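Colleague: Before I use the labels on this model, I would like to hear what stands behind them. Could you take me through the terms one at a time?

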Amino acid sequence: MRIAVFLPLLLPLLAAWGATPLAHRVPPRLATWLLTAAAAVLAGCSTVALALLAGTAALRIPLLADLERYSLSVVARDDPASIWVALAAGTLLTAATLAVGRVATRRARAVFATHRHTRALPGSDELVVVPDPAPEAYAAPGRPGRIVVSTAMLDALSPAEQDALIAHERSHLAHHHYRFLAAVHLAAALNPVLIPVARTVGYTVERWADEDAALAVGDRPVVAHAVGRAALAGRATAAPSARPALGLGITPALPRHAGDVPRRVAALLTTPLLTVRRGWLLVAVGVVLLAALGTLEAQQDFEALLELARHAVTR
Amino acid sequence: MSSPPEEPSTPDRGDRRAPGALEKQVWSVLLAAERPLTTGEVRDQLNAQGPPLAYTTVVTILGRLYAKGLLTRTLDGRAHRYAPASTPEGMAASRMHQALAGEGDHAAVLASFVSDLSDTDEALLRRLLGGNG
């Protein structure tokens, strides 16, 4: 337990570091599933590890020892974690529980509100056009989900780009992307180290919808332009209107600090990722497995300790 | 931590305020008002929020929004009074916005097509799209 219990606590750091490079090397749909699953398992494992560490502190409470009939001296002798580490783990565990409760209630209320308001949107068309000088477009989940686009957004785009935009939002609704986001936000609430993973999934679901839109309109540069011009429409000066020389396969190298929108546009202007880099897949699966094994090992050690302490009393 | 921190959007201030930004400001003033406003009243409200604007600037912006069909206007004495042209869609969508802003979890439920751009992202995007502005 001395080492195993710290594996699930340290591996989320690796996930936080590796999420972005993985997102740029694995097709977006797979990346979304992989990162969401990894975040969920890692958050669960790190929480169990904290609970086990905090549990070793709880074992030292004399009243509990009397009630459960185990030997305090055995626990004190064989306890794998110092009391300070155990107390720190208990504090973190309490904070994580409170945070996840807060995020879960807030998210549930927001989902409920969205569903209620989506039903209240007039008409029965999937697309709802609202008069608004701000260029806006979003998918509101519900039964059925609706796509809300402002007049300013439609004005900023050509008819083909409008189709791309609507196909993009339709993909969000069809694949329930907000569920992935909810899962990673809850994971990040349990373990804040996973916040970069949650942010990366925010990017991969947009990429997923972009690629779906590219399939739907059959033209990747059109989707790239829809994304780019929609983003620029919210800015001061006018968006570029002419179709530049694209499709030459020349894409400016992106600097490291580039944001999500330029990255999405650049990804659409290059050829799609068809082959999966196996190495990244193996690393991702390996990290998750290692965390799970570490947690299992720590849990078994904890039970063994308890067993030993019980045995010492009955003897 | 609940959700990744978002970059605060910095409203443009001063005379070099972007036309789009001003349109949005005028629009939100009219949305917040409970009755149609005259040009002077709109300007007073805007000046309470930021640096003073010329009367003609406000006239131009109101005219532009009216031309786009976003506003209705009525003649009151010698001045026009402006109000948001309310469509059922617009009313319902802005109600949804307000409700979710209250929940503080807006971005997560309504997946926006594009997020806010930083200045460096804007320059990068213009280079990617090959337009010079």
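**Labels and their grounds**

Modeller: Strand 2 (residues 137-140) and strand 3 (residues 146-150) of chain A pair in the antiparallel sense over four bridges. This is a predicted model, in which local features need pLDDT of at least 70 and side-chain atom pairs pLDDT 80 or more, while totals for chains, interfaces and linings use all residues. Residues are numbered from 1 along each chain as its sequence is written, chains are lettered from A and ligands numbered from 1 in the order written, and side-chain values use heavy atoms, without hydrogens and water.

Colleague: How are helices, strands, contacts and angles defined?

Modeller: Helices (H or I, at least four residues) and strands (E, at least two) are DSSP runs numbered from the N terminus. Contact means heavy atoms within 4.5 Å. Angles run from 0 to 180 degrees between N-to-C directions, with axes fitted to C-alpha atoms, for helices over the stretch in contact.

Colleague: Which strands make up the sheet with mixed pairing, and in what order?

Modeller: Four strands form that open sheet, in the order 1(A)-3(A)-2(A)-4(B). Strand 1 (127-130) of chain A and strand 4 (111-112) of chain B are called edges because each has a single partner strand, leaving one side without a neighbour in the sheet.

Colleague: What is the strand order in the three-strand sheet of chain B?

Modeller: The order is 1-3-2, in an open sheet with antiparallel pairing. Six bridges join strand 2 to strand 3 (residues 79-84) of chain B, and B:L71 has B:P84 as its bridge partner. Helix 3 (residues 55-67) of chain B lies across strand 2 and strand 3, at about 120 degrees to strand 2.

Colleague: Why is A:F6 called partly exposed?

Modeller: Buried means under 20% relative accessible area, exposed means over 50%, and partly exposed is in between (1.4 Å probe, protein chains only). A:F6 stands at 31%, so it counts as partly exposed. A:H176 also has 31% and therefore gets that label. A:H176 sits in the loop between helix 7 (159-174) and helix 8 (177-190) of chain A, and has a positive phi of about 50 degrees although it is not a glycine.

Colleague: Which residues of helix 6 of chain B count as buried?

Modeller: In helix 6 (residues 119-129) of chain B, they are B:D121, B:E122, B:L124, B:L125, B:R126, B:L128 and B:L129. Their cover includes helix 10 (220-233) and helix 11 (260-269) of chain A. Just after helix 6, B:G130 takes a positive phi of about 75 degrees.

Colleague: What share of chain B counts as buried?

Modeller: Of its 133 residues, 39% count as buried. Chain B has six helices and four strands, in the pattern α-β-α-α-β-β-α-α-β-α along the sequence.

Notes:
Pairing = 2+ DSSP bridges.
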